[in-house]
Amino acid sequence: MQDPLKPLSRTKASLKHPAFSALCSKGMVSLYVLNTRCSPGEIAIRVFRACTELGIRTVAVYSEQDTGQMHRQKADEAYLIGRGLPPVAAYLHIPDIIKVAKENNVDAIHPGYGFLSERADFAQACTDAGVRFVGPPPEIVRKMGDKVEARTIAIRAGVPVVPGTDAPIASLQEAQEFANTYGFPIIFKAAYGGGGRGMRVVREYEELEENYQRAYSEALAAFGNGALFVEKFIEKPRHIEVQILGDKYGNVMHLYERDCSIQRRHQKVVEIAPAAQLDPHLRDRLTADSVNLARQVGYENAGTVEFLVDKHGKHYFIEVNSRLQVEHTVTEEITDVDLVHAQLHICEGRSLHELGLKQDKIRINGCAIQCRVTTEDPARGFQPDTGRLEVFRSGEGMGIRLDSASAFQGAIISPHYDSLLVKVIASGKDLPTAAAKMNRALAEFRIRGVKTNIPFLQNVLSNDQFLYGTVDTQFIDENQELFNLKPVQNRAQKLLHYLGHVMVNGPTTPIPVKAKPSPVDPVVPMVPLGDPPAGFREVLLREGPEGFARAVRAHQGLLLMDTTFRDAHQSLLATRVRTHDLKKIAPFVAHNFSNLFSVENWGGATFDVAMRFLYECPWRRLQELRALMPNIPFQMLLRGANAVGYTNYPDNAVFKFCEVAKENGMDIFRVFDSLNYLPNMLLGMEAAGAAGGVVEAAISYTGDVSDPMRQKYSLQYYLELAEELVKAGTHILAIKDMAGLLKPQASRQLVGALRNRFPDMPIHVHTHDTAGAGVAAMLACAEAGADIVDVAVDPMAGMTSQPSMGAIVACTKGTKFNTGISLEKVFDYSEYWEVARGLYAQFDCTATMKSGNADVYENEIPGGQYTNLHFQAHSMGLGNKFKEVKKAYVEANKLLGDLIKVTPSSKIVGDLAQFMVQNSLTRTEVEERADELSFPLSVVEFLQGHVGIPHGGFPEPLRSKVLKSLPRVEGRPGASLPPLNFETLEKQLREAHGDDITPEDVMSAAMYPKVFQEFRDFANTFGPVDCLNTRLFLDGPKIAEEFEVELERGKTLHIKALALGDLNKAGQREVFFELNGQLRSVLVRDTVAMKEMHFHPKALKDVRGQIGAPMPGKVVEVKVKAGQKVEKGQPLCVLSAMKMETVVNSPLAGTVAKVYVTPDSSLEGDDLILEITE
């Protein structure tokens, strides 16, 4: 055994271990530091730094799992211990630790805090080996570590204690007897360790057994001994602890107190020195009792005496921690005493007096706060998170101190230790000043790859009770507003994940054609500064819908609606044009086409495609375009009672949708029904009108009114339908020719008849140019009295899109139908879209369809559907059979009774046509075998009446044969649906996605529940991909490509793609970027490679009976088996992560179908534990 007064030689090395920190003071040569239970190596590095300052060499030890930890690099030497052992077991392996110390001439071992720091047998082993233990002698460690004996000593010293057992309990029965004597609540505490491990509060008898087992198991895992003792639980106390120092000569002093009341699960979260609003007399009693207790046992080195203070100001001794505390930093900041230096000097044998430490000289200077930044998610009950630190940037500056070890980019946060990442210490003249500095520092942190508690800490630091009052141990539980967490945006890193995903796995949106986006970006024509000129929207805002309609009717010349922003790209580019490219050209349109009747930019398929395939919010598109084009009316497509969906909605959902759309800038609602079913149209018209919008009721056109042989949809039919729409109060009457069937002669007849019948009603005509006669037909409509026709900019016109804007403008120039639009500006507009269209080569219909076709007059396929069917036929290898598909479409239409064909009725006809082609069925065969064929669901639901009632009724006997005994809908399909509860829906969305849910989000979820859920999940994973240019969005960057991404005004990312790594064992590739000049990397799962590798299945969130792991960890116990019946709330299994055990309870009653885990299984978050069937 070494002479405790002899300085350590400076030629030896010191050793550090993740559970311990060893260091030597003046005269010491080598120090061995053990790692702590906290962030691997945090205290070790703290001690190493002190050693370096004192000229002492250091030695570290590490487990096999910690080869990448920073404490290895901070020591002069580092050695592996516990080969083949789990990480915790490695650091508890005393023989290995002593062996390394002896073999490497280590003079002293600093135990840090946690693991072996309060183990008397370890302190004795050091002494027996002739290695100094930086801490109290073994006997004092034993006495203070035995909480029962510590209580006895406290009582002898006259220090008040909480009622509790005199010795560790040996059984559950003893705990029951104590509870019977003192009543509930009681608390179990680990007899041989602290830090909240093995600590469980029990408030009811029914909870006793489960909590006893959990506390015992946690204590055993954390300290190697599961012994527990029981105390009466003091409600809502303050947790105050006093820092003490003692030397080898019987001198003991205090360094004042710390307030550690802000806790969760009995673990400290925020510590303050000195305690706020503490009565000076109480402070004197606390410090005096602490010093007396230490003198009672002859305490040496640093230690902490912990107390509970009840609401009456009475204090009760809890325990002595015979080691350095995690929160020792705040004491150092307010007293200017380096506690680690003091520990080392005391270990050498120097007295407090020699160190200049005198009680009357110790003063409190200001205030210090320590926040423990942990990898825990407050939104999920502080569940530990694990993974790789993709980004780490700390907050710094005046008054800020950081103590950390594993906090660096690329560090792996494992489930083996505490979740502490970094300790942040802020100092100021008082508590509010220190809190302000801390808040600022925390706001500067950027931690990506794992969840942290920083948003929660910021809420604590802003809480008035924290700043200006006193807090107790129930502070967190009683202030639930602390959990109203401000979401961390993490936009840059999420975008890198997206780009990496595209680089590894290809586009995230389905690609119908193997083509690459054009490498050329479109150039936006010059736009003048200032506001755009006034347009028709000014009339609408000033005079309302009725006045607007009168102004349109009184206008001299032909008005145009531009479909480029919606129907044109829906018809030609599979609705894939992104807001990014629409926003670029929008200001040009506002400044140069202010005399447009409207811009069609919303509704129809664009609503769901925006979320489903483009991963952007359709409402945000509307809002942003509205801001850029304030002068031109916006127009949308409303599918009557189906709103913007493909199904029936409750009436109040349709009304609410129109209301929210109007609030976000929509002006004109083109209301139609795919069957011209009047009840559905009237509901949509009423909803649009109630919202304050312009109602444009649309007659869906099919057939040929100029052909006397086509009588089902005759001129009289359309006139009678128009009569009903005008009676219902439409502001504008529209003709919706979705297949481009209006020939010039039919145009004159239909428009002329409507004009004669309704001389004061504005007439608006929409068509498609599939046959190539669109321009001629629209000019004929204008001559017959139409006020408005639809066009698209030239590069986005023709074929299945609308007629050419340039052609209409040129043809009407110099006539009474003059549009008032500059042809030169149309050329500029066209130049932008000619290049922009090239960005969407993967979706361009010209990849398979080289021209329009006049056979549309026979098959009557709507423009957008014509394009889609052409794509589908080619993708299925049936390109050469597209002619058969078109013929089948004609036959399918006849089978269904010759329908109006527009979404969704056109899809029904298309589904039946493809069904006939795939099964080689003729019309006759379908009619004959209708009672035995398995028809597409859309066909069956149509025949049931879910879409409405077609003109002329349902086809018989086909309907009866197909439906047999299936139920039929009578009347308007949505009339019987109960109202949608928007408050409940919003509440569900907030529970699922957080509090940033907007009224627009609620409407998206109401229209498309699953699509909205997937869109939000995608956005949470990959961030605002709408900020990326289209080439990057679809194809990702090339290696060495540099580009910019504007997140918002004044915030631009500079990114360079650097490299793509090889496949690792987890099926991932590391993708390297340079972001704003700093190296970043992300791990991306290779979906192709993953199919060939086995991984534990994940629980599907939308499958109610699949129970997933709430956090990464190890399975301690499985409590059920397959076939067993379980009740809601029944424990299913126990997980352990970072030495904290969590019971996974059943969220429902049912039968266990399959168990996917066994004890000792290592799980990641959301790994499937078991399945339950109800």
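**View 1. Buried residues of helix 38 and the helices around them.** In helix 38, the residues Glu 1000, Asp 1001, Val 1002, Met 1003, Ser 1004, Ala 1005, Ala 1006 and Met 1007 are buried, where buried means under 20% relative accessible area, exposed over 50% and partly exposed in between, with a 1.4 Å probe and protein chains only. Helix 38 spans residues 999–1007, and eight of its nine residues are buried; helices (H or I, at least four residues) and strands (E, at least two) are DSSP runs numbered from the N terminus. These buried residues pack against helices 21, 22, 23, 37 and 39, contact meaning heavy atoms within 4.5 Å.

The model is predicted, with pLDDT of at least 70 needed for local features and 80 or more for side-chain atom pairs, while totals for chains, interfaces and linings use all residues. Residues are numbered from 1 along each chain as its sequence is written, and side-chain values use heavy atoms, leaving out hydrogens and water.

**View 2. The closed barrel of eight strands.** The barrel runs 25-26-27-28-29-30-31-32 with parallel pairing, two strands being paired if DSSP finds at least two bridges between them. Within it, five bridges join strand 29 (residues 694–700) to strand 30 (residues 732–736), and Glu 696 stands opposite Ile 732 in strand 30.

**View 3. Strand 16 between its antiparallel partners.** All eight residues of strand 16 (residues 367–374) are buried, with Cys 367, Ile 369, Cys 371 and Val 373 on one side and Ala 368, Gln 370, Arg 372 and Thr 374 on the other. Four bridges join strand 13 to strand 16, where Val 270 has Cys 371 as its bridge partner, and eight bridges join strand 16 to strand 23, in which Ser 427 stands opposite Ala 368.
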